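Trainee: I have this one open on my screen and would like to walk through it. Can we start with what the record says?

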Amino acid sequence: MRLKGIFLLLSLGAFTSYYVYQPIPDEIEERWKLMLTDCFFRSLSHLADFSELLGLKDYMGVMMFITFAERVVPVSDQRVHVTEELFDEVEVVVYQPKLQGGDTELRRAVIYLHGGGWCLGSARMGPYDLLARQMVMDLNSVVVSVEYRLAPAHHFPVPYEDVYRAVKHFLQRGVLAQYSVDPGRIAVSGDSAGGNLAAAVSQQLQQDPEQQLQLKVQALLYPVLQALDLNTPSYQQNHNMPILPRTLMVRFWSEYFTSDKTFFRAMMTNTHNSPESAALLKFVNWSAFLPESYRGKYNYSAPVVALSAGGAGSDGPSRSIADPRASPLLVPDAVLRSLPKAYVLTCEYDVLRDDGVMYAARLRRAGVEVTHEHYAGGFHGALMFTMWPTDFLIGRTMTENLIRWLQHNL
């Protein structure tokens, strides 16, 4: 009986070790903490798959547990005044420095767009609340955190349109005066899918003939910028990397556009391009835009063009992937030239690395001033791991460097 107990204990330990352990590159610090963190994400993902298979709840509905678990109620404190408001019917959380006696100076402003693959996340999550407060205190700025609607309940372009409406509302002289914001010192920033929305908004504002006020800078944090080629070197190198494996990123893209699983399967095999989107592949040709050090051992092969990739057609998802509001990397150089100064953060161990690297390279070629900060030991989502029990040193470093750049450029 005792031997059976020992055997069961050893078996349980071996199974746990097998499940928790996965190879993590030596360049990444706090590797065991990352393994344990990723174990939770993978377990939840497996549960979501199982739930969807049984017809109990869809995948993203289960994954929303992450958002609910980290949700906080944004409240004012001794230094930061917090309000929840509507900007053109879009929910936002506004963080402002508490006024000191006789303080009439106009402030900077940062419009922040949360990540989560357009399907998860919230401006009311603890890490975003903490980041906003740090920006307020360190930059003496107003921070507007946008609570845009999420897919799959609201497919593209709804999340983008929510963000664009909120930003345009804020960029009115009367509204800026209400918050004591300097019209010439406004930034837009976002991480992951939020970086996608920030880049798209920056581009579309420049092309809007009715828009009088413009952004001064854009800060894009490991942004996702194109859906045409999901086999770049970073997608291949990091296909099983913690936090955001290739399968999950492809699922985010697919759910952003449609609930049709046929399109997800086409995206998984990189055969989702239609003739319309294929004409834009020149803008994401990584053999032309990636420095040699990022190409590694991989050779470029253009994605296959399929005439019926999961609902392709005039209104299908294959049309949406060619829309620059979804894939900001697809705009021509003529559009890039007028964009504001940019900060682009990329991580070596991130499927989205090459999106950011290519965008930084194209912006530079177009004459835009770019600061490209690459973290050789970085992984996707690190900026948001700043609270116990998933507080990582690299997350705090990224936050400090971002705020320092904004101090000098905004």
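Mentor: Keep in mind that this is a predicted model. An unreviewed UniProt entry places the feature "domain: Alpha/beta hydrolase fold-3" at residues 110-263 and 319-383.

Trainee: How much helix and strand is there over residues 110-263?

Mentor: That stretch is 44% helix and 18% strand, and its end C-alpha atoms are 36 Å apart. For residues 319-383 the figures are 29% helix and 29% strand, with the end C-alpha atoms 32 Å apart.

Trainee: Which residues does UniProt give as "active site"?

Mentor: The unreviewed entry puts that feature at Ser 192, Asp 350 and His 380. They span 189 residues in sequence, but no two of their C-alpha atoms are more than 10.5 Å apart, so they gather at one spot.

Trainee: And which of the set are in the lining of the largest pocket?

Mentor: Ser 192 and His 380.

Trainee: Where is Ser 192 found?

Mentor: In the loop between strand 5 (181-191) and helix 8.

Trainee: Then let's look at helix 8. At what angle does helix 6 cross it?

Mentor: Roughly 55 degrees, for helix 6 (residues 158-170) and helix 8 (residues 193-207), and the axes come within 10 Å. That angle makes helix 6 oblique to helix 8. The crossing is right-handed.

Trainee: Which residues make the contact?

Mentor: Helix 6 brings Pro 159, Tyr 160, Val 163, Tyr 164, Val 167 and Lys 168, while helix 8 brings Leu 197, Ala 200, Val 201, Gln 204 and Leu 205. Sorted by class, this contact of helix 6 with helix 8 has nine nonpolar, one polar and one charged residues.

Trainee: How does helix 18 pack with helix 5, what are the angle and distance?

Mentor: Helix 5 (residues 126-139) and helix 18 pack at about 40 degrees, with their axes 11 Å apart. That makes helix 5 oblique to helix 18. Their crossing is right-handed.

Trainee: Which residues meet there?

Mentor: From helix 5, Leu 131, Gln 134, Met 135, Asp 138 and Leu 139; from helix 18, Thr 399, Leu 402, Ile 403, Leu 406 and Gln 407. The contact of helix 5 with helix 18 divides into six nonpolar, three polar and one charged.

Trainee: Now helix 10 and helix 11. How do they cross?

Mentor: Helix 10 (residues 246-257) and helix 11 (residues 261-268) cross at roughly 140 degrees, and their axes come within 9 Å. They are therefore oblique to each other. Helix 10 passes helix 11 in a right-handed crossing.

Trainee: What classes of residue are in that contact?

Mentor: The residues that meet include Arg 246, Arg 251 and Glu 255 in helix 10 and Lys 261 in helix 11. By class, the contact of helix 10 with helix 11 has seven nonpolar, two polar and four charged residues.

Trainee: Last topic, backbone angles. What is phi of Glu 89?

Mentor: Near 70 degrees, a positive value in a residue other than glycine. Most residues other than glycine have a negative phi. Glu 89 is found in the loop between strand 1 (80-87) and strand 2 (90-97).

Note on methods
Residues are numbered from 1 along each chain as its sequence is written. This is a predicted model: local features need pLDDT of at least 70, side-chain atom pairs count only at pLDDT 80 or more; totals for chains, interfaces and linings use all residues. Side-chain values use heavy atoms; hydrogens and water are left out. Axes are lines fitted to C-alpha atoms, for helices over the stretch in contact, and angles run from 0 to 180 degrees between N-to-C directions. Helices (H or I, at least four residues) and strands (E, at least two) are DSSP runs, numbered from the N terminus. Angles under 35 degrees count as roughly parallel, over 145 as roughly antiparallel, 65 to 115 as roughly perpendicular and the rest as oblique. A crossing is left-handed if the near helix is turned anticlockwise from the far one by less than a right angle, and right-handed if clockwise. Contact means heavy atoms within 4.5 Å. Ala, Val, Leu, Ile, Met, Phe, Trp, Tyr, Cys and Pro count as nonpolar, Asp, Glu, Lys and Arg as charged, and the others, Gly among them, as polar. UniProt positions are given in the numbering used here, feature names are shortened, and annotations may be inferred rather than shown by experiment. On a 1 Å grid over the protein atoms alone, a cavity is a set of points where a 1.4 Å probe fits but cannot get out, and a pocket is an open set with protein on both sides within 12 Å along at least five of seven lines; lining residues have an atom within 4 Å of a point.
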